[in-house]
Amino acid sequence: MQICFFRNKPELPHLCVEDQILECVWSHKVLGLIIQDDLKWNEHISVIVTKASKRLHILRVLRRGGIPPHDLITIYYALIRSTLEYCCTVWHCGLPMYLSEQVEKIQKRALRIILPGRSYGEAQEMLQCPRLDIRRGELCEKTMKNIALGSRLSFHLTLTSENEHVLNEALKNNCMDDQLAETTIIIDINEIYNKWFDGFYSVLDQYFPQQVVTIRPNDKPWMNSKVRLAIRKRDRLLRKHNRTKTVLSWQNYKRQRNRTTAIIRCAKASFHEKSNDWLCDPHGGPKQWWSISRKLCVKMISNIPALKENGIAIENPVHKAQIFGDHFSQTQLYDNTTELPHLVSFPSDKRIGLIFVSYSEVLSIFKNINVSKASGHDGIGNKVIKALDDGKEVRVVFLDVSKAFDRVWHTGLLFKLQKLGVQDPLLSWIKNYLCDRKQRVVMEGQSWEWKSINSGVPQGSVLGPLLFLVYINDITEGRESIPLLFADDTALLEIVDSPDKSAFTLNNDLEKISNWSQKCHYEPFKMRSYCLFS
């Protein structure tokens, strides 16, 4: 919903949640309160007045049954006035006079039913029932006083400096100090995290209101609450007709069926019209274009075709999962040799055993994150440009490490971390993070047995790329050519002064890298070479 007070609303970019474009509505019901995009209360007043008017019939029936007036006024307070005053502290101050009179008319009709033949003023005096606008003003004043006195409602409002201080103190007392002080003697990191999470979640339950949101990924893109309500009414009338088998029930069902069909057609037309506007929007961007295209196109069922193993076609999902699981497990290391690589220039004078992180450091990192920044194109280095400008030949050999992240040797990685100065308990944490991991393949709802992961670093994790860089960083030691590293891509750069000497240097470095790959249990590198001329 776009809150705007202009007659011609400006066009704003559409919002997406999980590639689903959010529908822009002019009103929305939140916890029983209908909010309009112009912050007026016409629709909300219309709904509560209609609802209260229908309940006046209860008073008529009870009065005919001989219920005394003091019981009728109690029923009026419980069933009708409570509806007219729901959330009045929110909308009373912005209610114009003509809407206030519409609400007041309901009470006038109710008192006329309870005490027929009496004027509105006389009935108010006899039943001690004040005007609704006066009562709403008193309720608003009472609510604001409760907020000023420290009611829990104040924590649901916008965080002021005082409320923010209270919330921070609650987080500190309930989550940090008490919970972590009790876990100082606990070694299991999972138990420490669970205790901290329980305390943190208790603060969220106390100070933050929660709402359950239902996401229906299988709904049609034009489906909305109005269409869903019409379909439910149609289906309910059909079930009723199947039970009763009467002409009236069939006519009611046909009427609702036709109305539902018309609502669906309007929703489809509205969606396609909006989609056309979104696709023609020059400021939409490719992400919005593809999001709408996926909605408009028919979803294809993506099933993995039959696999061929030893000349036999495999179509069973369980057998497919087994084949993929065996294939992924074959890429790992099973060599538990104790021979560790020789490290040339790894420092050994520095030690690190624990990492202390302060609140200010984390906050400064979060503040410096640029969420809208995109990666740029890699340029050519200054050395290459200078060499080409001087008319020299530049030779480049690109090396590709096969299954680089999956074949990181755990023993060798821990040995290199220890030589870098990483000590217990941090070294034990990393060892526990890498070892005893398992994986399995799930395909078409079927899965195969768990397989142990004996090598590699978890891809998609924060520590994975960093641990891989530590493991592969010594590949450049003792190289005469210029090494270039980026993740698992390695290149050797040589500016040619003498062709024979350049060839000897590159071959010598390639032999050293081949020896390094054997010691670190990597497969031979795949190489591509290029020559650049000015």
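A salt bridge here is a side-chain nitrogen of Lys or Arg within 4 Å of a carboxyl oxygen of Asp or Glu. With that rule, Arg81, Glu85 and Arg135 are linked in a network of salt bridges.

## Before you dig in

This is a predicted model, where local features need pLDDT of at least 70 and side-chain atom pairs count only at pLDDT 80 or more, while totals for chains, interfaces and linings use all residues. Residues are numbered from 1 along each chain as its sequence is written, and side-chain values use heavy atoms, with hydrogens and water left out.

"Buried" stands for under 20% relative accessible area, "exposed" for over 50%, and "partly exposed" for in between (1.4 Å probe, protein chains only).

## Charges that pair up

Side chains of opposite charge can pair when their charged atoms come close. The count here comes to 7 salt bridges. One of them joins Arg135 and Glu85, at 2.6 Å from N to O. Arg135 sits in helix α6 and Glu85 in the loop between α2 and α3, so this pair links distant parts of the chain, 50 residues apart. Glu85 is buried, at 12% relative accessibility, and Arg135 is partly exposed, at 25%.

Glu101 and Arg131 also meet in a salt bridge, at 3.8 Å from N to O. Because Glu101 lies in helix α4 and Arg131 in the loop between α5 and α6, the pair ties together parts that are 30 residues apart in sequence. Both ends are partly exposed: Glu101 at 27% and Arg131 at 23%. Then there's Arg234 with Asp235, at 3.2 Å from N to O.

## The nonpolar core

In soluble globular proteins, nonpolar side chains tend to be buried together. A nonpolar core is a set of buried Ala, Val, Leu, Ile, Met, Phe, Trp, Tyr and Cys residues joined through side-chain atoms within 4.5 Å. The largest one in this model has 29 residues, and those with the most contacts inside it are Ile45, Leu59, Tyr76, Ile80, Trp91 and Ile114. Two or more residues come from each of α1 (42–64), α2 (69–84), α3 (88–91), α4 (97–114) and α5 (120–127). The top contributor to this core is α4, with 7 residues.

## A positive patch

Lys54, Arg216, Arg232, Lys233, Arg236, Arg239, Lys240, Arg243, Arg255 and Arg259 gather in a patch of positive charge on the surface. Patches take residues with over 30% relative accessible area and no salt bridge, joining like charges within 9 Å and nonpolar side chains (Val, Leu, Ile, Met, Phe, Trp, Tyr) within 5 Å. Lys and Arg count as positive, Asp and Glu as negative, and His and the chain ends are not counted. Each charge is placed at NZ of Lys, CZ of Arg, CG of Asp or CD of Glu. Areas come from the Shrake-Rupley method with a 1.4 Å probe; for residues, only the protein chains shown count as cover.

Helices α9 (225–244) and α10 (247–279) each supply at least two of the patch residues, and α9 gives the most, with 6. Arg255, in helix α10, is partly exposed at 44%.

Most residues other than glycine have a negative phi, and most peptide bonds are trans. Cys87, in the loop between α2 and α3, has a positive phi near 60°. Gln128 has a positive phi near 55° and is exposed, at 69%. The peptide bond from Asp424 to Pro425 is cis, with omega near 5°.

How values were computed
Helices (H or I, at least four residues) and strands (E, at least two) are DSSP runs, numbered from the N terminus.
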